[in-house]
Amino acid sequence: MNTFEYRDGSLFAEGVALSAIAQRFGTPTYVYSRAHIEAQYRAYADALVGMPHLVCFAVKANSNIGVLNVLARLGAGFDIVSSGELERVLAAGGEPSRIVFSGVGKSRDDMRRALEVGVHCFNVESGVELERLQKVAAEMDVKAPVSLRVNPDVDAGTHPYISTGLKENKFGIDIEQAEAVYARAAELPNLEVIGVDCHIGSQLTTLEPFLDALDRLLLLVDKLATRGIVIKHLDLGGGLGVQYRDEQPPQIGDYIAAVRKRLEGRDLALVFEPGRFIVANGGVLLTQVEYLKHTEHKDFAIIDAAMNDLIRPALYQAWMEVSPVQPREGEARSYDLVGPICETGDFLAKDRQLVLKEGDLLAVRSAGAYGFVMSSNYNTRGRAAEVMVDGEQAFEVRRRETLDELFAGESRLPE
Ligand code: LLP
């Protein structure tokens, strides 16, 4: 589904022209489409109809409260990795009993807060975390529901920075050791073992690694059953890829159908933690050309968005499509689109054929996931505004950060 389309020579988000959004809210601004986000969530949930399931949106991909609220209204669950994300989900109207808590470094405070509100499950990533959770739960005189994140040692075939299921990664418990750690978990009085979990990487474009991991998890579930440890749910993480350029990621229906087939005859609920799939193509970063700088070697378009706003190209050499909001006639040149930050790595795209003039608006596509959430204040730049489009309406779901806010917590030394 594409909710960002040209109409009469101008790029729209659903029923609203991006040029109107730029005029009203300024640039750089992230613009999201409610219809896209809802359709992607429903595609997951619909494919799972008829079996017990929970689709937990990975909050790290986009934690804007407006975005989380749209999903909460559909009954989504949430995958969180910090108490900060937990508070966001609660503020957005999310249901605590549909939250899974992932992450390798949960603090005692994180655990206490999650137990207090009653999350669905802790995805525990190590033996030491298990012992800590037992202690915290005992102090509170409650039982903590747990799933162990196992590392199935499969190669997700994606960028090394976003591949997480190999032995050398910091994530999860080596599948060879998982049985012993489960045995320990079952002994601990304030823990209740309910699931098995894995997440092997992000932006996967083939099904095989997911299905290999699933097969390995099922072997583990069977071994645990012989020890009397009953697993109620399998959490297969997130990771399904989206199209940024010419990738052909699997269809969600095919993925879920293949998983369901392997689970036939078993009494297991399914949990997923999709992030990118739900929001990536539901967002653009709207930016304006400040200057065109033609040198002997290169043509640069210096734009008002920078690596602090969207770090994916600089950090992962990620290719993001760039579309002119109001395309012009004329002879195209090959532009590098660079920001105002003092780093050579500050680019959003390279070698793009575009016809540009100073003041033109551009939309960096597929920026709904891992966009705003990874932004920073480098070079003392306030973070961008975020706008949610719903049909013919646009709502500012986060206003642009002001300079006062940027140094509100700082002070001079005493005289
Ligand atoms: N569950 C866990 C435990 C994860 O670590 C992640 C992502 C997800 C779910 C969601 O994965 P997704 O469905 O979005 O692929 N910043 C990088 C991506 C980092 C992904 C980290 N973990 C990027 O911009 O490509």
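Which of the 19 residues around the ligand come nearest? Ala58, Ser202, Gly238, Gly275 and Tyr370 do. The views below are of a predicted model, in which local features need pLDDT of at least 70, side-chain atom pairs count only at pLDDT 80 or more, and totals for chains, interfaces and linings use all residues. Residues are numbered from 1 along each chain as its sequence is written.

**View 1. The shell around the ligand.** The shell holds 7 nonpolar, 8 polar and 4 charged residues. Here Ala, Val, Leu, Ile, Met, Phe, Trp, Tyr, Cys and Pro count as nonpolar, Asp, Glu, Lys and Arg as charged, and the others, Gly among them, as polar. Helix H10 (276-279) and H11 are the elements that give two or more residues to this shell. Helices (H or I, at least four residues) and strands (E, at least two) are DSSP runs, numbered from the N terminus. Domain 1 (4-32 + 280-406) and domain 2 (35-278) each contribute at least three residues to the shell.

View 2. The unreviewed UniProt entry carries a "binding site" annotation on Arg276, Arg312, Tyr316, Glu343 and Tyr370. These residues span 95 positions in sequence, and their farthest two C-alpha atoms are 27.5 Å apart, so they do not all gather at one spot. UniProt positions are given in the numbering used here, feature names are shortened, and annotations may be inferred rather than shown by experiment.

**View 3. Arg312 and Glu343.** Arg312 sits in helix H11 (residues 312-316). Arg312 counts as buried because it has 20 C-beta neighbours inside 10 Å. Glu343 lies in the loop between strand S17 (333-338) and strand S18 (347-354). Glu343 is partly exposed, with 14 other C-beta atoms within 10 Å. The cut-offs are 20 or more other C-beta atoms within 10 Å for buried, 12 or fewer for exposed, and partly exposed in between, with C-beta atoms placed from the backbone. Leaving aside residues up to four places away in sequence, Arg312 touches Ala318, Met320 and Tyr370. Contact requires C-beta atoms, placed from the backbone, within 7 Å.

View 4. The contact takes 20 residues from domain 1 and 19 residues from domain 2. On the domain 1 side, strand S20 (385-390) and strand S21 (393-398) each supply at least two residues. S21 gives the largest share of that side, 3 residues. The domain 1 side divides into 12 nonpolar, 4 polar and 4 charged residues.

View 5. Strand S14 (residues 283-294) and strand S15 (residues 299-303) run antiparallel, joined by 5 bridges. Two strands pair if DSSP finds at least two bridges between them. A hairpin of 4 residues links S14 to S15. Tyr291 has Ile302 in S15 as its bridge partner. S15 also pairs with S17, in the parallel sense, over 4 bridges. Phe300 stands opposite Asp336 in S17.

**View 6. The open sheet S1-S2-S3.** This sheet has 3 strands in the order S1-S2-S3, with antiparallel pairing. Strand S1 (4-7) and strand S3 (16-17) are the edge strands, each pairing on one side only. S1 pairs with strand S2 (residues 10-13) over 4 bridges. Arg7 has Ser10 in S2 as its bridge partner.

Note on methods
Contact = placed C-beta atoms within 7 Å. Near = placed C-beta within 6 Å. Domains from an automatic or database assignment.
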